[in-house]
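This report sets out selected features of the structure shown here.

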Amino acid sequence: MALVGDNGAGKSTLIKSVVGIHPFDEGEVRFEGKPVSIHGPRDAARLGIEVVYQDLALADNLDVVANMFLGRERTRIGVMLDESSMEHAARETLDSLSVTSLRSVRQIVAGLSGGQRQAVAVAKAVMWNSKLVILDEPTAALGVAQTRQVLDLVRRLAERGLGVVIVSHNLHDIFECADRITVLRLGQRVAQFETATTNQEEVVHAITAGKLTHVPGMADAAAEA
Amino acid sequence: MTTEQHDAASEVEVGAGVSATELPGDDGERRARAQESVADYLRRRWEAIWGGELGSIPIVIGLIAIAIVFGLLDDTFFTPRNFTNLLLQMAAVATVAIGIVFVLLIGEIDLSVAFVSAVGGVLMTLLLRPEASNWPAWEAILVALAVTTTIGFLHAIVITKAGVPSFVVTLAGLLIWSGVVLIMTTQFSTSGTIRIQNDTVIGIANDFLTPFWGWAVGVVVVVGYGVSQIQTARSRRSGGLYAKPGVVIAAQTVGLAAVTFAAIWYANKDRGVPKVTVILLVFLVFWSFVAARTRFGRHVYAVGGNAEASRRAGISVDRVRIAVFMIGGFMAGVGGIILASRLRSVATNSGGSDLLLNVIAAAVIGGASLFGGIGRVVAALLGALVIASIDNGLNLLGLASGTKFVITGLVLLGAVLLDALAKRRRAARGAV
């Protein structure tokens, strides 16, 4: 599913609220049909919700494995890092996503290209048996070929049965990889489309002039995968 | 647009080259992947170095250059007596610098370490005074270390909870603790100098191992290194992961053995291996282990690399910062005790002079980046060796302090420039 909207439409705010960084004023979050309460990224992760932030949140000085396990390192006897097991899992996750552009999972992230970094960030998100992956502007900083790679990656996630929410204002990208499109305007959902039965003009119209049901400022954000 | 095309091209190239060998396959293929040849290993290392991951290479070259220059200029530089002197001289700076490496790793600075170390040394000395409490040596040492660790904790609390930059907080600390040192030393003596009369404490930095124990320590170091390397390689290989080729491990172990045994042989021709060198090695190994092999160490590097990402990954950034400043305070205390022991006294000028500059310069020259997140604990040892060698050599040549400062400063400047250059190279390699 794609979440689109102009600048200031509330896309990022909605995402941050879903993972518990911002509190909701009203409304409820339902995940897998059940109402849930999320008070921080840890709660979200426990439910299987992972976010790939626009800035990717990678530590440049660490290698790929260390980044994928950041904050959730596997250890032996309590304190020692279990490097072999982590490297294995990292490699397997990347392989399962058909990420072949990484020469070594022991490369320092500072030495990776934008597309490779995005791949690492996405792999980091799906490694934890997550059910829903939210990608915030995954292609905003990428070149043509790298955008292509990331969009392919997004499709593969969906094919694995994961819920994928992609936040973007690049309609071209959205039409390439999303099944459904939700349009936000001034904090409200103004339209929903099936990608197969709509076109870019219709979506653009909704983004710029979507009908508001009530006064702006009240977001009845219902998050669903 | 041209840069994008360039990136795309290089990416495709890399992808094509790798997919043939690195696709997940059966066990045979995995094992083949794990058998990296010596040539592959050397090529990979070379590429990493060229890409700005310099590690300890510049400093080893620098040390060799320093040794050659002073060896040619002064006949007494290469004597067993001077070598053991050098080991004694570098111990305190290296010890305090270990703490500074941790502080630099999280991208902070601690300007107070020199005077905090003096607080430790003076406090221990006061507790040991026969006319006062006359404590047993170990209790006095532990109390001193507890106090310096607490000082690190207090600094960190202000830095993390009030959000004040560590530069300013520890600058205030520098003033405060220098004042405390003055108050403590002048309170208990009119001359401002207090002698240590406890043999155990004096022995820390003035006793030497017998030749037998010197060799025993050397064997433990070499065997320990070799075994840990082989174990790592074996566990990685059995997991089907890249491992250092056996030949490389053997070569590295033999190299370490050669350097270690040569040093022990040389020291034994004089008074032997100093006890304090062994103490330094124990701390070095312990803190290297903490930094490189534990979850806490990983978090230290992560906080230095990207604090915001660490926070989002659920790491308690403040707790890591506090722990690191406590390590800084603790190691400063150890260094202060070593220094007091070496001088057999503390005085009003303890912790002053160029101690702070030498300690920070040692960490940076050793390869700890001022930008945070990069550097190894061994940087403290290598950097302190450089600083002590320059100091020692220039003293032998009879040069004035002014000249010494200028030369040490130039070496530091060179190290910082190299750090900045290496950072740019790393960025260039991965830039988009």
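## Packing of H4 and H17 in chain B

The crossing of H4(B) and H17(B) is left-handed, that is, the near helix is turned anticlockwise from the far one by less than a right angle, clockwise being right-handed. H4 covers residues 57-73 of chain B and H17 residues 378-396; the two pack at an angle of about 15°, with their axes 10 Å apart. H4(B) is therefore roughly parallel to H17(B), since angles under 35 degrees count as roughly parallel, over 145 as roughly antiparallel, 65 to 115 as roughly perpendicular and the rest as oblique. Axes are lines fitted to C-alpha atoms, for helices over the stretch in contact, and angles run from 0 to 180 degrees between N-to-C directions. Helices (H or I, at least four residues) and strands (E, at least two) are DSSP runs, numbered from the N terminus.

From H4(B), the contact uses B:Ile59, B:Gly62, B:Leu63, B:Ile66 and B:Phe70, and from H17(B) it uses B:Leu382, B:Leu385, B:Val386, B:Ser389, B:Ile390 and B:Gly393. Residues are in contact if their C-beta atoms, placed from the backbone, lie within 7 Å. By class, the residues of this contact are 8 nonpolar, 3 polar and no charged. Ala, Val, Leu, Ile, Met, Phe, Trp, Tyr, Cys and Pro count as nonpolar, Asp, Glu, Lys and Arg as charged, and the others, Gly among them, as polar.

## Basis of the model

The model is predicted: local features need pLDDT of at least 70, side-chain atom pairs count only at pLDDT 80 or more, and totals for chains, interfaces and linings use all residues. Residues are numbered from 1 along each chain as its sequence is written, while chains are lettered from A and ligands numbered from 1 in the order in which they are written.

Helix H9 (residues 199-206) and helix H15 (residues 317-343) of chain B have axes that come within 7 Å and cross at roughly 95°. H9(B) and H15(B) are therefore roughly perpendicular to each other. On the H9(B) side the contact is made by B:Val201, B:Ile202, B:Ile204, B:Ala205 and B:Asn206, and on the H15(B) side by B:Ile337, B:Ile338, B:Ser341 and B:Arg342. This contact has 6 nonpolar, 2 polar and 1 charged residues.

Chain B contains 18 helices and 2 strands.

## The sheet of chain A

In chain A, an open sheet of 6 strands has the order E4-E7-E8-E1-E9-E10, with mixed pairing; strands pair if DSSP finds at least two bridges between them. The edge strands, E4 (49-52) and E10 (188-194) of chain A, each pair on one side only. E1 (residues 2-4) and E8 (residues 163-167) of chain A pair in the parallel sense over 2 bridges, and A:Ala2 has A:Ile166 as its bridge partner in E8(A).

E9(A) and E10(A) pair in the antiparallel sense over 6 bridges. In their hairpin, with 2 residues between the strands, A:Leu186 takes a positive phi near 50°.

## Helices of chain A

Helix H6 (residues 144-159) of chain A lies across E7 and E8 of chain A and runs at about 150° to E8(A). Helix H7 (residues 171-177) of chain A holds A:Asp173. A:Asp173 is buried, with 23 other C-beta atoms within 10 Å; 20 or more make a residue buried, 12 or fewer exposed, and numbers in between partly exposed. Not counting residues up to four places away in sequence, A:Asp173 touches A:Thr139, A:Thr147, A:Leu151 and A:Ser168.

Notes: Contact = placed C-beta atoms within 7 Å.
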